[in-house]
Amino acid sequence: VERWLQANPGPALAPILAALAPARAAPSERTAAREALRAARPEARLSMLEDVLAREIGAVVRLDPRRIEREAPLGSLGLDSLLALEIRNRLEAALGVRLRATVAFSHPTLAALARHLAGEMSLVEPAAAPSAEVQAIRGLSDRDMEALLARELEELERDRP
């Protein structure tokens with residue numbers, strides 16, 4: 001029963017199952033990771049989230065979280081559909097978010113999953129909108145871009161001693 005409750009923390013919180021899990025965590029304890037992430041400096045959040053993910057994934061695949069590489073495919077850890085569901089369930093409970101069953105397959109590395117969740121949880125600052133100059137350059141055709149580059153190179157040559 002204890003392993004099932006760990007693998008399925010969402011359903012395990014149902015009042016009808018209270019007798020099976022008398023020492024279950026209070027809601028504030030379950031989402032401590034989420035609160036810590038929100039309280040952290042913005043530049044530290046992604047790294048902290050990766051640590052949370054490594055801990056949860058490591059618990060599921062029974063591997064020391066320090067051995068999980070950021071860019072290694074989760075499939076290389078033996079991830080299958082049942083383990084992916086268990087990871088999803090643990091992440092939902094730890095972070096207080098709803099996730100698709102396929103989240104571990106859609107974002108197949110620790111780093112990719114962290115970036116996705118950081119966006120879902122609004123932990124990262126949105127990228128700044130491109131400047132008007134950048135937008136204008138993006139709108140140029142290849143021919144116009146080549147002409148602009150040629151003019152810039154000519155100006156650099158003229159200014160050269």
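Of the 161 residues of the protein, 32% count as buried (under 20% relative accessible area, with exposed meaning over 50% and partly exposed in between, for a 1.4 Å probe and protein chains only). The model is predicted: local features need pLDDT of at least 70, side-chain atom pairs count only at pLDDT 80 or more, and totals for chains, interfaces and linings use all residues. Residues are numbered from 1 along each chain as its sequence is written, and side-chain values use heavy atoms, with hydrogens and water left out.

**View 1. The fold of the protein is built from 10 helices and 0 strands.** Helices (H or I, at least four residues) and strands (E, at least two) are DSSP runs numbered from the N terminus. Among contacts (heavy atoms within 4.5 Å) with a separation of 6 or more, 58% join residues 24 or more positions apart.

**View 2. Helix α5 covers residues 42–61.** Its 20 residues reach 29 Å from the first C-alpha to the last, close to the 28 Å expected at 1.5 Å a residue; the expected span is 1.5 Å times one less than the number of residues. The buried residues of α5 include Arg-45, Leu-49, Glu-50, Val-52, Leu-53, Ala-54, Glu-56 and Ile-57. Gly-58, Val-60 and Val-61 are also buried. Among the elements covering the buried residues of α5 are α4 (32–39), α6 (81–95) and α8 (110–120). An α-helix has 3.6 residues a turn, so residues three or four places apart point the same way.

**View 3. Helices α4 and α5 pack at an angle of about 165°, with their axes 9 Å apart.** Axes are lines fitted to C-alpha atoms, for helices over the stretch in contact, and angles run from 0 to 180 degrees between N-to-C directions. The crossing of α4 past α5 is right-handed, a term for a near helix turned clockwise from the far one by less than a right angle, with anticlockwise giving left-handed. Ala-33, Ala-36, Leu-37 and Arg-38 in α4 meet Arg-45, Met-48, Leu-49 and Val-52 in α5. The residues of this contact comprise 6 nonpolar, no polar and 2 charged; Ala, Val, Leu, Ile, Met, Phe, Trp, Tyr, Cys and Pro count as nonpolar, Asp, Glu, Lys and Arg as charged, and the others, Gly among them, as polar.

**View 4. The axes of α5 and α6 come within 9 Å and cross at roughly 135°.** This angle makes α5 oblique to α6. Their crossing is right-handed. On the α5 side, the contact includes Leu-49, Val-52, Leu-53, Glu-56 and Ile-57. Their partners in α6 include Leu-83, Glu-86, Ile-87, Arg-90 and Leu-91. The contact of α5 with α6 divides into 12 nonpolar, no polar and 3 charged residues.

**View 5. Arg-62 follows α5 with a positive phi near 55°.** Arg-62 is found in the loop between α5 and α6. With a relative accessible area of 55%, Arg-62 is exposed.

View 6. The buried residues of α8 are Leu-110, Ala-111, Ala-112, Leu-113, Ala-114, Leu-117 and Ala-118. What covers them includes α5, α6 and α7 (103–106). Ser-122 lies in the loop between α8 and α9 (132–138), and counts as exposed at 54% relative accessibility.

Methods:
Angles under 35 degrees count as roughly parallel, over 145 as roughly antiparallel, 65 to 115 as roughly perpendicular and the rest as oblique.
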